[in-house]
Amino acid sequence: MKKFRKLVILLAIVLLVLVSCFRIDKGENDTNVSTSENKVLNEENKNFKPYNTLFYNGVDYRLSRSKIGKYGGQLVTSTIGEGPKTFNPWVSKDATSSEIGDLMFDSLFSTDPVTGEVIPKLAKEMKVSDDLKTYTIILRRGAKWTDGKEITADDVVFTWNDIILAGFGNTSLRDSVLIDGEYPKVKKIDKYTVEFKIKKPFAPFQRFVGTSIAPMHIFKPVVQQGKRYFDSYLGTTVNPKDIVCSGAFILEEYVPAQRVVLRRNPNYYAIDEDKNLLPYIDKYVILIVGDLNNEMLKFEAGELDAISVRGKDLPRFKAKEKKSDFKIYNLGPNTGTMFLCFNLNTRKNKDGKYYVNPIKQKWFNNLNFRTAIDYAIDRNAMVNNVANGAAQPLFTAESLSSIFLNENLASGHERDIEYAKTLLKDVGFYWDKNGFLQDKDGNEVEFDLLTNAGQTEREACGVMVKEDLRDLGIKVNFKPIEFNSLVSKILTTSDWDMVLMGLTGSPLEPHSGKNVWYSKGHLHMFNMRFQGDKEEVILPWEKELDEIIEQGALELDYSKRKAIYDKYQQIVYDERPFIYLYSPLTITAVRNKVKNLYPTPLGGTLHNLDELYID
């Protein structure tokens, strides 16, 4: 356990150093958001003590570490698109559904938003054996589901054995905890104690073991009806009264394409120093807005209490900040990645048909072609014109905030159209009399580029990509589509050529991306495997990534892990299944009426939602 704690603390310290060194350059407009002006990483955050447990009235309460607040009011935020696809967190594949699911179904552990350490939530304590292969989880006594039944070890064992390891719903977590060919063995010790045994020491396991827990008495009959029924359970037409959960908030109302309303859980297992039950806020409302411009207008009209600020809008927000009722917070580099992705799928489906047009297959699977596209992209123009300078070009699979960032690749390369043309010529491409690119067989190079409609930043980048590739004589049909349709194309049909999208990430744990890089991973979008494929085709560098992923997870020494993950980033950089674009700063604006707000790079602005109050 001491070895793990030292490792986690070291990672967190390195992360904080990286974040504190990053600033926005000050241009003609006063767009600088300095950390000295806000609460990010301030002394109050740094001096936060670990969450303590207070046994009171038969319950092991989690004791708040924020100031005592007051009850009442509501907090209103927003999401882009059509809203959640499910309220079942074990099925969720999109960020909105996952966010709401996490609010309703608590996890055993979470990540401390200040230090990056693994901290208790539904669990009270974790003990790790000296050989780092046995994890003993002790639950809070007296914590209850919203129907009044106590949360026990039976719920934990059921969640892991009958849902996660049995392959129900989204299998990303199951894929991530496959250790040297074996899954963890999970068993009940007593009413409040669960034991996890793993085959080998596994660096990420302490984080993965803390996933959300399901009520066995509710979900067991669901599981018994099979995976198809499970996937539809707690869909968006569910009666909120039928949801039995454990989180700080409970679903009260869902109006499709309009809003999600959650109300406080009156029997949550957290209290403040005066023994007042948390959360303080009566309702947490998520408005479903069509696009980012509409979102900004709603914030300016006072309909939203918090918003993520795009770089291009930062001067506008800064100009209003001093005379308005909100404050801007700079949280440092985004922990996610934004990229272009080629569809490299060369397999045939169960009907014997290719997923991707064979002509396009040849283009996309040609490394010179992918590299030429990379060198044709003007990242600096995107940073300046789309992000208004509040970003940096990105070239790596790890975000700029990651403590595992390969620094040798971080600066990447400049745009070079002539070099891109040379790469294409070397493999037989040529230009016709009108300047349109042709392959060696005389096929004009034309393909579709998709992104999610309403995400205006990505839409702007897509337009720029289209223009950049026109300089190579390539015709790009840029098509923003509804987000759920985009996800379906990528994950279920492989009916696409190229997409512009983003992924969230962990700056502390690269293994969280296993579902992207592992050849059979659920988000291995550039070469997805589907049930019923007529053949298995694995590229040599995909196989190498599989080996690196396994190797990195089994290595406990930070410096050795860093070298391993440097290598995976080098492979992705060289092979270019993704072409990374830029990493924006995470900048948010929050109403001054929201109190107990302690933004951090790891947690964001609303990480302590159960402790926030409205004044």
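Analyst: Happy to! One term comes first: a polar contact is a pair of N or O atoms within 3.5 Å; within protein, one must be able to donate a hydrogen and the other to accept it, and residues adjacent in sequence count only if both atoms are side-chain atoms. This is a predicted model, so local features need pLDDT of at least 70 and side-chain atom pairs count only at pLDDT 80 or more, while totals for chains, interfaces and linings use all residues. Residues are numbered from 1 along each chain as its sequence is written, and side-chain values use heavy atoms, with hydrogens and water left out.

User: Which residue has its backbone oxygen 2.8 Å from a polar atom of the side chain of T371?

Analyst: T371 sits in helix α12, which covers residues 367-376; helices (H or I, at least four residues) and strands (E, at least two) are DSSP runs, numbered from the N terminus. A polar atom of the T371 side chain lies 2.8 Å from a backbone oxygen, and that oxygen belongs to L367.

User: Is T371 buried or exposed?

Analyst: Buried means under 20% relative accessible area, exposed over 50%, and partly exposed in between (1.4 Å probe, protein chains only). T371 has a relative accessibility of 9%, so T371 counts as buried.

User: Leaving aside neighbours within four places in sequence, which residues is T371 in contact with?

Analyst: Contact here means heavy atoms within 4.5 Å. With neighbours within four places in sequence set aside, the contacts of T371 are L423 and R576.

User: Which residue forms a salt bridge with D374?

Analyst: A salt bridge is a side-chain nitrogen of Lys or Arg within 4 Å of a carboxyl oxygen of Asp or Glu. D374 has such a partner, with the closest N and O atoms 2.5 Å apart. D374 lies in helix α12 and its partner in the loop between α20 (558-575) and β23 (578-580), so the pair ties together parts that are 202 residues apart in sequence. Both residues are buried, and the partner of D374 is R576.

User: How far apart are the closest N and O atoms of D112 and R65?

Analyst: D112 is in the loop between β4 (109-111) and β5 (118-120), while R65 is in the loop between β2 (59-63) and β3 (74-80), 47 residues apart. Both D112 and R65 are buried. They form a salt bridge, and their closest N and O atoms are apart by 3.0 Å.

User: How many salt bridges does a search of the whole structure find?

Analyst: Another example pairs D468 with R415, whose closest N and O atoms are 3.7 Å apart. D468 lies in helix α16 (residues 456-470) and R415 in the loop between α14 (407-410) and α15 (417-426), so this pair ties together parts 53 residues apart in sequence. D468 counts as buried because its relative accessibility is 9%, whereas R415 is partly exposed at 30%. For the whole structure, the number of salt bridges is 38.

User: Which residue lies over the face of F55?

Analyst: A charge sits over a ring if NZ of Lys or CZ of Arg is within 6 Å of the ring centre and within 35 degrees of the ring normal. K227 lies over the face of F168 in this way, at 5.8 Å from the ring centre. Over the face of F55, at 4.1 Å from the ring centre, lies R141.

User: How far apart in space are F436 and Q570, C-alpha to C-alpha?

Analyst: F436 is placed in the loop between β18 (430-431) and β19 (437-438), and at 35% relative accessibility F436 counts as partly exposed. F436 and Q570 are 134 residues apart in sequence, and their C-alpha to C-alpha separation is 32 Å.

User: What percentage of the 615 residues of the protein count as buried?

Analyst: The protein has 20 helices and 26 strands. Its C-alpha trace spans about 85 × 60 × 50 Å along the principal axes. The share of its 615 residues that count as buried is 58%.
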